[in-house]
Structures are given as C-alpha cells and as structure tokens.
Amino acid sequence: MRFHTRKWVKPEDLNPNGTLFGGRLLEWIDEEAALYAIIQLENPKVVTKYMSEIDFRSSAKKGDIIEIGIEVVKFGKSSIRLKCEVRNKMTHETILTIDNIVMVNLDIDGNPLPHGKNKVEFVSDRLSSKEK
C-alpha cells in the first residue's frame, strides 16, 4: 500500500478523551479517496458511494503524525473500489482500516459515467505515453 498523505494531529482534531476524533479522521480519508479517484479516473466529478465497515484499531494523540494509505482493489464500469489503512508515521502502528470504499465517476449531469480504466496509472506513466 502506498501512503500518500500525512496529517499532523492538532488540538482542534481531538475528541473529549484527548485522542484523534474519528469523524475528523473519516473526513481526511474521504478527501484522500476522492483525490485518489479523481487522479486515477481523470475526472474532477467523483463522489463517494459507499464505505464498508471501519475498523478502529488504535488511536492517535496530539502531536502524532499519521499517514493515509490508499490502494485500488478493483475498477468497475463507472466506479473504482479502494481500500485504506491509516497508520502512525512514527510507530507504524495501524490506527484504522477500511476494506471497501467505492467512488463513482460522474458526468456533467451527475449520472454515473463509464471511465474506461482498468489499471492504476501514475502521472509519470501518463506523461511518458503522451511524449511517444
């Protein structure tokens, strides 16, 4: 799994127990999944359709640096299925896992749009293929 984003846990991210608020972490994950899908599908109109069970395994506290990892599970006709792991950058302890996040590619009217993708592409791959 590739860990693309790091977040610094700040006081405003904490719950009354002094640990990272789960809602804040889910917000970060949803944003990261959307950005990942937008880049892969090459369309800024992508929405979250589904998130499977969320498994909180440990917590983070103020000052911790966390990493959000996203990996493609499958390309659908108009969707992309991802999985996610969040870990503590310093200890590498897993904080959370989500096995299934479905992002849907949309047309200008908000309807599902087939994307024609079937494998992960990196920006460097796209640049080199345009040069040929």
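Ground rules, before I forget. This is a predicted model, so local features need pLDDT of at least 70 and side-chain atom pairs count only at pLDDT 80 or more, while totals for chains, interfaces and linings use all residues. Residues are numbered from 1 along each chain as its sequence is written, and side-chain values use heavy atoms, with hydrogens and water left out.

Next, the layout. I find two helices and six strands, in the order β-α-β-β-β-β-β-α from the N terminus. These are DSSP runs (H or I, at least four residues, for helices; E, at least two, for strands), numbered from the N terminus. The C-alpha trace spans about 50 × 30 × 20 Å along its principal axes. Of the 132 residues, 39% are buried (under 20% relative accessible area; exposed is over 50%, partly exposed in between; 1.4 Å probe, protein chains only).

Then the pairs. I get ten salt bridges, each a side-chain nitrogen of Lys or Arg within 4 Å of a carboxyl oxygen of Asp or Glu.

R24 bridges to D13, with the closest N and O atoms 2.9 Å apart. R24 is in helix α1 (residues 22-41) and D13 in the loop between β1 (2-8) and α1, eleven residues apart.

E42 and K117 form another salt bridge, 2.3 Å from N to O. E42 is in the loop between α1 and β2 (46-51) and K117 in the loop between β6 (94-105) and α2 (123-131), so this bridge ties together parts 75 residues apart in sequence. E42 is partly exposed at 45%; K117 is buried at 17%.

Which pair did I check last? It was E67 with K89, at 3.4 Å from N to O. E67 belongs to strand β4 (residues 65-75), K89 to the loop between β5 (79-88) and β6, 22 residues apart. E67 is buried, with a relative accessible area of 2%, and K89 is partly exposed at 25%. Through shared partners, salt bridges join R6, E67, R87 and K89 into one network.
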